[in-house]
Amino acid sequence: MYSIPFEHGLILAASLFALGLIGVLTRRNVVFVLMSLEIMLNACGLAFVVVSARWQHADGQIMFLMILTLAAAEVAVGLGLIIQMFRRFKTVDLNVLSQMKG
Amino acid sequence: MIVLFYLAAAIALISTIAVLFQRNIVHGLIYLILSLLSVAVVFYTFGAPFAAMLEAIVYAGAIMVLFLFVIMMLNLGLRSREQENSWLSNGIWIAPVIMSGILLIQLLNVIRGQSQDAVIVEVGVREVGLMLFGPYVLAVEIASILLLAGLIGAYHLAKK
């Protein structure tokens, strides 16, 4: 039996979320942007698990499972979009998508 | 266990920062896998071994392999390194870091003051499974439909 200050787990989750946000905002490579989105989703799941450990419930872990499912579906669709984008524009630069053409 | 938690948290933060600064996309992906695995260790120290296993199998295993397949399919080659260098000039970091820093300070302000210790009791597969197929069975069904929709969407989008 041991105890961890659960505030520190939440601080870790918040820091990972902010780092993922920095990645989304700075990167121009679309694959890195999707990876940063994964970091942010993972940080949300971490917060759920930490809070469920605080009250010794299983509910937070079930929410983590739902986030896991969401991340899997989102990555599948996102990578399909990346493949389609690379086929059309021959680049992974996000800025080429700013034109409304074709 | 407490030392394990702080070590894993430090590795998670450092490897996530390394993802942000990485020019080579495959190296960034491997740092991300390291970060996810250390988050799995954090789950384990918080008494959630089932979530830790799923994090290692689904996130670090399946999803990251999907990324790797797509990176291999794209076949970006050597020119991507110069591209990345030109995209990530020094000044580009400033505004996002400031904005995310403000958001982080706000989040920490909300979190602060809830400094009870969490007494860790292991909530294992049995409890999670009982909840998952008891009160949350509708969520399981909806999640399966979501996965089916993701499958069909990915197939449709990646088709020539």
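I take helices (H or I, at least four residues) and strands (E, at least two) as DSSP runs, numbered from the N terminus. With that rule I looked up chain B and found seven helices and one strand, the elements running α-α-α-α-α-β-α-α from the N terminus on.

I note that this is a predicted model, in which local features need pLDDT of at least 70 and side-chain atom pairs count only at pLDDT 80 or more, while totals for chains, interfaces and linings use all residues. Residues are numbered from 1 along each chain as its sequence is written, and chains are lettered from A and ligands numbered from 1 in the order in which they are written.

I took the radius of gyration over C-alpha atoms, with the globule rule as 2.2 Å times the number of residues to the power 0.38.

**Chain A, extent.** I found three helices and one strand in chain A, in the pattern β-α-α-α along the sequence. The radius of gyration of chain A is 17 Å, well over the 13 Å that the globule rule gives for 102 residues, so chain A is more spread out than a compact globule. The C-alpha atoms of chain A fill a box of roughly 60 × 25 × 20 Å, again along the principal axes.

**Burial.** I counted a residue as buried if 20 or more other C-beta atoms, placed from the backbone, lie within 10 Å of its own. Buried residues make up 51% of the 102 residues in chain A and 28% of the 160 residues in chain B.

**Where the chains meet.** With residues in contact if their C-beta atoms, placed from the backbone, lie within 7 Å, I found that the contact takes 71 residues from chain B and 58 residues from chain A. Among the elements of chain B that each supply at least two residues to the side touching chain A are helix H3 (49–74), strand S1 (117–119) and helix H7 (137–158). Counting Ala, Val, Leu, Ile, Met, Phe, Trp, Tyr, Cys and Pro as nonpolar, Asp, Glu, Lys and Arg as charged, and the others, Gly among them, as polar, I divided that side of chain B into 58 nonpolar, ten polar and three charged residues.

**Strand pairing.** Two strands pair if DSSP finds at least two bridges between them; here three bridges join strand S1 (residues 3–5) of chain A to S1(B), and the two run antiparallel. Ser3(A) stands opposite Val119(B) in S1(B).

Note on methods. Contact = placed C-beta atoms within 7 Å. Buried ≥ 20, exposed ≤ 12 C-beta atoms within 10 Å, placed from the backbone.
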